Amino acid sequence: MSCVNIETLASGEIDCGELKVKLLQNKDTPAIMNINIGTTVRGAIDDLDLVIQTLEECGFSHNRFYIHCDAALFGLMLPFLDKATQVTFKKPIGSVSVSGHKFLGCPMPCGVQIVRKKHINALSRNIEYIASKDATITGSRNGHTPIFLWYALNRKGYHGLQKDVQMCMRNADYLKGRLKEFGVSVMLNKLSNTVVFERPQDEEFIRRWQLACEGNIAHVIVMPHVTIEKLDTFLNELVEKRLTWFKDGGNQPPCVASELGKENCACPLH
Ligand SMILES: Cc1ncc(COP(=O)(O)O)c(C=O)c1O
């Protein structure tokens, strides 16, 4: 299959204007789409409803497109956010996946992929020697991880997860607000706990805080274990370090307008 990349907006969301152009250029072939419910770097959530509307407007009937929703991190957060687009099989999606070792914090990599039955049936094989039907992608799987998933879900429960989500959103907003106050370029997408900001100038600092960096930007994903106290320690250290990095106006904070948008850039120009 040939693959077509679709540009994203500054937020990291899929650009549905560009999607429309590419769909119309490829009208004769069905479309398989990966929708991000929380991108890795910016925590952007694609507008599922707008994607479906765009497909329909471009003449793609429901049997000519397949949408997979990659909800690795945000799949367990979205149901608790009032204004979020909901990912549901009432909409014409084919599958959704969520990781167990991210928001739930299972101690080993695991996840759940929920797929419409008709697609599972197309994939599954009868395995004669174990007298069972196999619907896994690799042909085998770890039987231990579902127990960890079950345990984490039961221990936290619906209200426990809801509380965690609310706390993460509050703390992410706090981190964004404080960074802004200190004159650091920062972006926080709506409905996201991924705070993206100007890359610290010191590799030692990046290593110490294990910051995930990409080009001129770094991000912190505010998970349930990230407390206000921890954020304050981080902020105090960052502010102190910045005074040395940008001493006497010699070095200037980098321009991150193309990565975070002009409105979020606090470089001398913006
Ligand atoms: C958007 C997104 N999808 C998928 C993955 C990978 O998920 P997993 O670790 O469950 O394979 C990640 C991060 O690791 C991610 O950020």
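Predicted model: local features only at pLDDT ≥ 70, side-chain atom pairs only at ≥ 80, totals over all residues.
Helices H4 and H6 cross in a right-handed sense. H4 covers residues 145–181 and H6 covers residues 228–245. Their axes lie 11 Å apart, and the packing angle is about 20°. Angles under 35 degrees count as roughly parallel, so H4 runs roughly parallel to H6.

A second helix pair can be read in the same terms. Two packed helices are described by the angle between their axes and by the distance between the axes. For H1 (residues 16–25) and H2 (residues 48–57), the angle is about 30° and the axes are 10 Å apart. H1 and H2 are therefore roughly parallel to each other. The crossing of H1 past H2 is right-handed.

The ligand is the next stop. The residues surrounding the ligand are Asn36, Gly38, Thr40, Asp70, Ala72, Ser99, His101 and Lys102. By class, this shell holds one nonpolar residue, five polar residues and two charged residues.

In Asp70, an N or O atom of the side chain is 2.6 Å from a nitrogen atom of the ligand. In His101, a side-chain N or O atom is 2.9 Å from an oxygen atom of the ligand. Lys102 also places a polar side-chain atom 2.9 Å from a ligand oxygen atom. On its own, the ligand has 400 Å² of accessible area, of which the protein covers 56%.

Notes: Residues numbered from 1 in each chain as written. Heavy atoms only, no water. Near = heavy atom within 4 Å. Polar contact = N/O pair within 3.5 Å; in protein donor to acceptor, adjacent residues only side chain to side chain. Areas by Shrake-Rupley, 256 points an atom, 1.4 Å probe, with all protein chains shown as cover. Nonpolar A, V, L, I, M, F, W, Y, C, P; charged D, E, K, R; others polar. Axes fitted to C-alpha atoms, helices over the stretch in contact; angles between N-to-C directions. Helix = DSSP H or I, 4+ residues; strand = E, 2+ residues; numbered from the N terminus. Parallel < 35°, antiparallel > 145°, perpendicular 65-115°, else oblique. Left-handed = near helix turned anticlockwise from the far one by under 90°.
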